[in-house]
Amino acid sequence: MKSVANGSAIQRLSPGATMKQFSDGLPWKRSLLLAAVALSVLPACGDGEESAEVTARRSAGSLDLDIRDVASVELSALDDALSAKIRLSKGFGVAPQDAELVGKGRVESFPEADLVLYTAKLSLEPTAGGPCGNEPVSLALSLYRRGNAERVGGALTPYCGRDVWHGVPARAPLRITGKLPVPK
Amino acid sequence: MRQYLSCALGLALCLLAGSGAAQEKYALSMFHFNLQYVAGGMVGFGLEDPKVDLDNDVVEDLIITESFAPVVELYAKHPDWGVTLELQGYMLDVLAARHPEVLKQLRALAKAGSAEVVSCHYSDLLYIAYPGEVWKRSQSLTADAFKRHDIPLGRSLFCQEGQSGVGLASVMASRGYETMVWPKNLWSFQHGDFDAAPLYAFGDRLMIAGAKDVNFDDGTTNIQVRWTFFDDGELLATNDWNPYILENFKHDPKAVAEYETKLTDLETQGFSITTVEKYVDAVKDRVPHAKPPPLFDGTWQTPSHNVGKWLGTRGLWPGERDNDVRTLGAIAYRELMAAEAAVSATGLEARAKLDSAWRLLVLGMVTDASGINPFRGEVEYGIAHQAEALRIAREALRDAVAESGAGLVCIDPAAQSVVKGVCEDKLRGAPTDVKLDVEVLSGNRSSETSWEEVAPGTYRAQIEIGTSDSGQMEVSVRIPGELSDALITTRALEDTTTVSYKRSEFTFEEFHLPLPTGLVSLGPKRFLILDQAYTRLAARITRDNGDVLLRDQTQNDEETVRWVFYIFDGSAEDALKLARSINVQREVSR
């Protein structure tokens, strides 16, 4: 690949063209912002009333976890910030079974592909007897949706160590698939 | 007599032949092992019977203990024999982690020259369906695995499912490969049966016809080649059982002994039991390097298992989702390319992060995620790995953009640049009247086709396909083309050049093309370009008709789907520029 000199990063950036439309409509950040506003609950405004309250878009469902087991998933999205609550019927040596796991992440948009990826990072204490031994586990959620389909698919990928979110996973990513309503 | 002996290598045993030239006899093998044979393990395969559920690592271990180790042990008993073992780099990592003694034995054989350990890629991925960078990253990972585990990487090249493409010739030298092993069926399907030459020219490299006997006698040199094994390596030591049938997938010493006897008999007949590498070394300076006919990219069991088996043709089990799996791979690839450009342009240190994403991506692009008969576990193995690769790629890209402080940026992987602001959208246009009468065959599923004029002579088609309440899973689109002898496409590993084939030079009636850049001609000056983020299917071409057919037999009937492709009128060179901008180095706004 063509190399770019270190240190030139900021200098390379120059004001580009004014914002124009691109693939599939509005620029993705603007589209998310507008969608969040559109989906927010707006109380009727009259003289002297306070500004509208923006509420999170929520979605919950039970997904197949590595085919035989279940992941109960609750997602709450505010703009592109995501909160996830996940409960696994089986821990696979990397997570507690039937415990509520929480994490923060993002709603990542890929407008040129009409795809959304829900991500979250769940930091867990060590699981005895698991592949990470006495180390904490960093469990990464990556769940994609095409268009407005109810079907989602993806992974819960465990890494050994606290705040370790890439590398060689502790075990093969746990497969997650199923139907999850579009957050609203 | 001396001129007929490969004394330095101690290979050939010479017998007097009727022609007067001493016979050189070589017995070759290609044991194609695949640790991702059942990618993700057997969980869910026994639909109603969890007892057959064995997880990924257990199945991998069985492949090693029941089928791989016995073959290694057999050849370890015969230090004068040679064997060519092909495996993915990932398998070496697993051997090191869980079967170090087997790895040690393999290393000893390889360093002694008894085993040529061949590897094309780190994961057994469907590389011919993607831009060349995917294979290059995977091959680099495998080369690294071989180095880390101190196993010499063989100079021959054979890939998962016999995936072969002439474009490999352009990259082999730089990566230390010498000889392509082209599977015979992929050749004979394109040109009919043939008498194999001892060696072929393959660019500046060499090629042999895998699994095809050679009987060569030019009056000076007499060479015979026989293949003792050319198949999935898992099948020999288990008496022809594969890992899907786990109750029978067990080391069968009798089967190994029979094979051993076969080799011993051949040796008695004067055959040298040797590796592909040593055979080539023995003959390359003494035989002509024949010119092969023109060859399309494909897989080894064409026509029964043409590349469509991984790109749209349905297998045996429910849950297959070829287009979904392969488009996700294309999307993750594009994001990784953008992340690489962003990281490079901003100087952020993210090599380890990006490398881990590439590793997960190539694992997820495993062939078994969409063919030959993938079951749900394998499909979701591909999806899971690719989704995680996508997450990491996006995170790396986001970090790089944040590092720049620029907010919204336009990332151009071709220019390796990051520029403030949104990319000008060069791939969308205004709605326009139907430009080409494509035929959508979707049974009772609704379909709606809309067109945009992106630029004069460039049209974007978007086909929305509805659901079915009667199980209709097959969707096809026929794109009309003008029949001309010339058919233009690109080959795997050659993303910057088109190739023109002559239909009249082939014997097949139809052929499935993998379209690694998405491009195929519809006539002398018209091209179809798939947007691989929506349409990652094989293109069926025929010898006697200019139309192209895209078909997905695995489209879940409860789900809608969108297909997107472009029709371009112009030169092949400009069509390729467009294809590259769509699929190979896609500019993105982030």
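**Chains A and B: a guided chat**

Mentor: Let's start with the surface: chain A exposes about 8900 Å², and carbon and sulfur atoms supply 52% of it (accessible areas come from the Shrake-Rupley method with a 1.4 Å probe, and for residues only the protein chains shown count as cover). Bear in mind that this is a predicted model, where local features need pLDDT of at least 70, side-chain atom pairs count only at pLDDT 80 or more, and totals for chains, interfaces and linings use all residues. Residues are numbered from 1 along each chain as its sequence is written, chains are lettered from A and ligands numbered from 1 in the order in which they are written, and side-chain values use heavy atoms, with hydrogens and water left out.

Trainee: What pattern does chain A follow along the sequence?

Mentor: Count the elements to begin with: chain A has two helices and eight strands. These are DSSP runs numbered from the N terminus, helices being H or I with at least four residues and strands E with at least two. Read along the sequence, the pattern is α-α-β-β-β-β-β-β-β-β.

Trainee: How much of chain A do buried residues make up?

Mentor: Buried means under 20% relative accessible area, exposed over 50%, and partly exposed in between (1.4 Å probe, protein chains only). Chain A has 184 residues, and the buried share of them is 45%.

Trainee: Which element of chain B gives the most to the side that touches chain A?

Mentor: Contact means heavy atoms within 4.5 Å, and 69 residues of chain B are in contact with 57 residues of chain A. The count between the two chains is 21 residue pairs in polar contact, both at pLDDT 80 or more (a pair of N or O atoms within 3.5 Å; within protein, one must be able to donate a hydrogen and the other to accept it, and residues adjacent in sequence count only if both atoms are side-chain atoms). Among the elements that give two or more residues to this side of chain B are H4, helix H9 (322–346) and helix H11 (376–404). With 18 residues, the top contributor is H11(B).

Trainee: How many salt bridges are there between chain B and chain A?

Mentor: A salt bridge is a side-chain nitrogen of Lys or Arg within 4 Å of a carboxyl oxygen of Asp or Glu. Over all chains, the whole structure holds 55 of them. One that pairs the two chains is Arg590(B) with Glu112(A), at 2.6 Å from N to O. Between chain B and chain A, the count is eight.

Trainee: Why does the pair of Glu558(B) and Lys179(A) join two chains?

Mentor: These residues form a salt bridge, with the closest N and O atoms 3.5 Å apart. Glu558(B) sits in the loop between strand S25 (548–552) and strand S26 (561–569) of chain B, while Lys179(A) is in strand S8 (residues 174–179) of chain A, so the pair joins two chains.

Trainee: Are Arg137(B) and Glu133(B) buried or exposed?

Mentor: Their side chains meet in a salt bridge, 2.8 Å from N to O. Both lie in helix H4 (residues 132–148) of chain B, four residues apart, about one turn of the helix. As for cover, both Arg137(B) and Glu133(B) are buried.

Trainee: How many residues apart are Glu587(B) and Lys426(B)?

Mentor: Glu587(B) forms a salt bridge with Lys426(B), the closest N and O atoms being 3.7 Å apart. This pair links distant parts of the chain, with a separation of 161 residues.
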